[in-house]
Every structure is written in C-alpha cells, then in structure tokens.
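Visitor: I would like to learn how to read a structure like this one. Please take me through it feature by feature.

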Amino acid sequence: FNSLDWFSSLILTFFYWFVIGKLLPPADYGVINIFVNLVTIIASFLSAGISTALFKLIPEYLELKRFDRVTSSIRFATKFILLSIVIVSFVIILFSNQISTVFKLPKFVIWLLPVSLLLYAFYIFQTNIMLGFQHTKKMAISSIIGNSAKLIISIFFLYFNMTFFGPIIGFIVGLFLIFVLRFNYLLYSQKSVKINSKELVMKLGLPATLQTVLTMLLKTSRLLILSLFASSVVVGVFGVALFLTAEISTLPLIFSTALFPITSSLSVFKNTEKRQIYLINLILRYSLLFTLPVLIFIVLFSGELIVLVSQVSYLEGKHLIPILSLGSLFLGIAILFIRSLYALGRPEIQRNLVILTSIVYLAIAFPLTYLFSSLGISIAYTVASFILLTTSFFYLRKILKYGIPLGNMSKLIFANAISMGVLYILSNYAQNIFIGILFTLLTGLFYLILLLLIRFYTRDDITLLKYLSKYTPFGRNILNNIAKFLSKF
C-alpha cells in the first residue's frame, strides 16, 4: 500500500502538472510552482523535525508496548506545530508586500500561504504517524481522494479561465480533504504519560529537521533560488524539466520510507547488523533495478516528453534533463543511506552530513545560478546530491561495516548500459513519443531477459513474486508462472 500511495500520487500529480502545462503559459506555471514550493519548504520546518522523529519512535514504542508514550508524543507535536503555524502566519501577513516582491507572486496569493501551511504541515505530520503505525492502506486511500480532488477542482477552474488561481485552490482543497480523512490520528486515545520534550526536540527532532532542510533545499529550493535571478518564464520552463526528473528519486524514497520503521525496530535489539545490511542492500537493489531504466528513457526522449506534458515553448529546458536526472538518482540513494544512519540511532552523524552538504549547496547554488541561470542551479543540485551520497555511504560503511554487493550491482549496470545503447539506436527511428514508448517497452523486455541470462535474479526475487501473487487482484497466475520459471535458473 506504500507503493500504491506513491504510484497513485505520481499519476495524479503528473496529470495535475500536465493540465497546467498544457493550458497555461510558462509565467503562470512559474507562479504555481513557486507557491507550491514555498508551502512545501516552510511547512516542512514547522514541526522542528518532531513528526519525523515520531516516524522513528512510534515503531519502537509499539515494540516495547509503551502506548502511553505514543499518545503523549502525538499531543506534544500537535501543540508545537499549531504554535509554529501561528507565529509563521503572523510573519507572512506582516511582511506580505516584501514576500510578494521577492518571489514575484501576486499579493492575494501570499495571503493563501497561512492556510496552506497549516494543511501541509499536518499532512506531513499525519503521514509520519500513519507510517509509524504501518497503516499504509488508510494512508493510500486518503491520498488518492485528496489528489483526485486537487486534479478535478483544478480542471474545473481552468475551464472557466481562472489561470493560476484554479490549480492553487485545487492544491489547498486536496490537502484539506486529506487532513479531514486522517484527523482521527491526531486524537490517539491511549493513556498519556509525561515525556522528555526537550530530548524529543533536541536529540531527535533537530537532526530530523536538518535532514528535512537538506531534502527541501535540494528538491524544492531550486525553483525559489532561480526565481530570485530569473523571470517567471524561465522558472516555468525549468519547472517542467524539474517535474520530469523529480520522480527519479521517488522510488528509492518510497522504499527507504518502508524500510525506516523496520530498521528502527531492529535497532532496539542487539546483533542485528547483518539483517540491517541485508535489508539496505535489498532496497538499493530494487531501487536501481527500476530507476535506472526510467532515467535512461527520460534522458533519451526528453524533448518528446516536454512537448507531451506541456508546450513547445518549454523545450528550452531540454538540456537540463540529463543533469537533473543524475542529481535525482544521487539524492534518492543518499536519502536511503542517511535515513539508515538515523534509524540506527546515529542522528548526530546525520546532522553533521546534512550541515556539510547544505553549506556546500548554498555556497555554490547562488553564484552558479547568478552566472548560468537554470543550468547553474541544476549543477549545484547534482554536485550537492553526490556529496551527500558519498559521505553517507562512508559513514554507513564505517558504523555498520556496510558493503555494496559489487557482483550483483555490476550485472545491473552492465544490463542497463547495453539496453541504453539499444534504446539510443532505436530512438533515432522514433517519430513521436508513442513510438518511443513502444521502443522503450521492447527494450525493457530485452533488459529483463538480459538480466536473466547473466544470472542477476535471486531467491529474494522469487519470494517477492510469490508474495505479490497472494495480494495482487490481477495477474496472480502470471506472477506465479514467472516465479516458477525463474526458480529453474
């Protein structure tokens, strides 16, 4: 259900931005992008990392049968977030003119920020609570309802020529519906107990906040930094390139999110290092197995994809896609490693790596953006993501004696390299994106067969297919037959 939540959000968000790109000019696209990213960044800081800390603590409390601590932690976090929202909203209203000028947003759009921040902050908080409880089915259903409403309302207002205002209202209403559907998680009714709130904020919340700061800096601040030096048209063009490449990091993020509570639960016990290494490598393996082909497809058919999701006027961003794609891949794997460090009970190392990467990113982002506009911020993002990847891997190796299975990874890289060469040749004969998709599907089949021939698949893959066949409503026989076929090799 975690994957269902990701997939449904991916599809519905794709169509949300697809409709905007098709019906609105780059300037309006830029306004919506800046507004959504402002909300995302500011709201992510409002809990001071406490909501992320609960994602780690709830599985541990449940394992230890400390339900009273779950109740107390949720209540404390709710009060903290509400207080933060009141303070930030007051500042936004007080300085609305200055914020409007700096980010080139209409003033009435700035006035929509407080309610958006309230809803998005609780969206993050409620999501972390549900993940801690592993209530992923309810999380997926509420997310589908909210994202569907966002899309439908946006289309409705755009039909009546409401320009950028329609999608912004759709964004707010979608968050409101999710908030209502998940409201009962704020009212966890078990007996409460006094907790060390200072420790919750400083020991776990602060490192989590720093991780959030870095993730937001790398994933969403690019548009805001670019908006300081470029017009909304340039921001809109960059936004489409960003939209096409951002999801490359999503699959590793989804897998690492699913792994996080398991690793946290294991950290309560001793002598679980081998199990933790095995799980991290399993997540890394499946992340690269599916993400690398997607990256290759996006890079080779970047121009066609831009025209498909927007208009010809957005094609100026085509040259940014290879750089942004690589950066997204680095970031996705880096967050897998850095979340593992946090789950292992080493938040101070996570904090230090985040501070280092943030300093490097900010030090190079502003001058590169000033000199090279959207190309500069793309390079800064990729460099910072690579630094986080290498440093987090170094410490994970040092603490957990973690090692990547080179034999398995080399087979994966080899198969992707061969498949990329095949798809590159075929792409020269693709007259449009739909033929390109057909060529990609055929190359994908070749890719999977090639992995079979070089003996990439393991017993874990067979076990996973059998597990999926039990819970998948469609294609059970196909999955079982594939599992039986693979078992022969």
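Visitor: Among contacts between residues at least 6 apart in sequence, what share joins residues at least 24 apart?
Guide: A contact means heavy atoms within 4.5 Å. In the protein chain, 82% of the contacts between residues at least 6 apart in sequence join residues at least 24 apart. This is a predicted model, in which local features need pLDDT of at least 70 and side-chain atom pairs count only at pLDDT 80 or more, while totals for chains, interfaces and linings use all residues. Residues are numbered from 1 along each chain as its sequence is written, and side-chain values use heavy atoms, with hydrogens and water left out.

Visitor: How many helices and strands does the protein chain have?
Guide: Helices (H or I, at least four residues) and strands (E, at least two) are DSSP runs, numbered from the N terminus. The protein chain has 21 helices and 0 strands.

Visitor: What share of the residues counts as buried?
Guide: Buried means under 20% relative accessible area, exposed over 50%, and partly exposed in between, with a 1.4 Å probe and protein chains only. Of the 489 residues in the protein chain, 55% are buried.

Visitor: Which residues of helix H15 are buried?
Guide: Helix H15 covers residues 302-309, and its buried residues are Ser302, Gly303, Leu305, Ile306 and Val309. They span an arc of only 165° around the axis, so they lie on the same side of H15. The arc is that of the directions from the helix axis to the C-beta atoms.

Visitor: How is a pair of aromatic rings described?
Guide: Such a pair is described by the distance of the centres and the angle of the planes. Rings of Phe, Tyr and Trp (its six-membered ring) pair if their centres lie within 6.5 Å; planes under 30 degrees apart count as stacked, over 60 as edge-to-face and the rest as tilted. By this rule there are 25 aromatic pairs.

Visitor: Why is the pair of Phe14 and Phe15 edge-to-face?
Guide: The ring centres of Phe14 and Phe15 are 5.3 Å apart and the planes are at 80°, so the pair is edge-to-face. Phe14 is partly exposed, at 25% relative accessible area, and Phe15 is partly exposed too, at 37%. Ring pairs also join Phe14, Phe15, Phe18 and Phe243 into a cluster.

Visitor: Which parts of the chain does the pair of Phe122 and Phe179 link?
Guide: Phe122 and Phe179 form an edge-to-face pair, with 5.7 Å centre to centre and 65° between the planes. The pair links distant parts of the chain, as Phe122 is in helix H7 (residues 113-133) and Phe179 is in helix H9 (residues 165-181), 57 residues apart. Phe122 is buried, with a relative accessible area of 3%. Phe179 counts as buried at 19%.

Visitor: Where does the charged end of Lys150 sit?
Guide: A charge sits over a ring if NZ of Lys or CZ of Arg is within 6 Å of the ring centre and within 35 degrees of the ring normal. The charged end of Lys150 is over the ring of Tyr16, at 4.6 Å from its centre. Arg285 lies over the face of Phe456, 4.2 Å from the ring centre.

Visitor: What is the phi value of Ser373?
Guide: Phi of Ser373 is near 55°, which is a positive value in a residue other than glycine. Ser373 belongs to helix H17 (residues 347-400) and is partly exposed, with a relative accessible area of 26%. Arg455 also has a positive phi, near 60°, and is a residue other than glycine. Arg455 is found in the loop between helix H19 (433-453) and helix H20 (459-471), and at 54% relative accessibility it counts as exposed.

Visitor: Which residues does Ser374 contact, leaving aside neighbours within four places in sequence?
Guide: Ser374 is in contact with Leu226, Phe238 and Leu320, once those neighbours are left aside. Ser374 is in helix H17 and counts as buried at 13% relative accessibility. The C-alpha atoms of Ser374 and Phe238 are separated by 6.6 Å, although the two residues are 136 apart along the chain.

Visitor: Where is Ile387, and which residues does Ile387 touch?
Guide: Ile387 is in helix H17. Not counting residues up to four places away in sequence, Ile387 touches Thr357 and Val360. Ile387 is partly exposed, with a relative accessible area of 22%.
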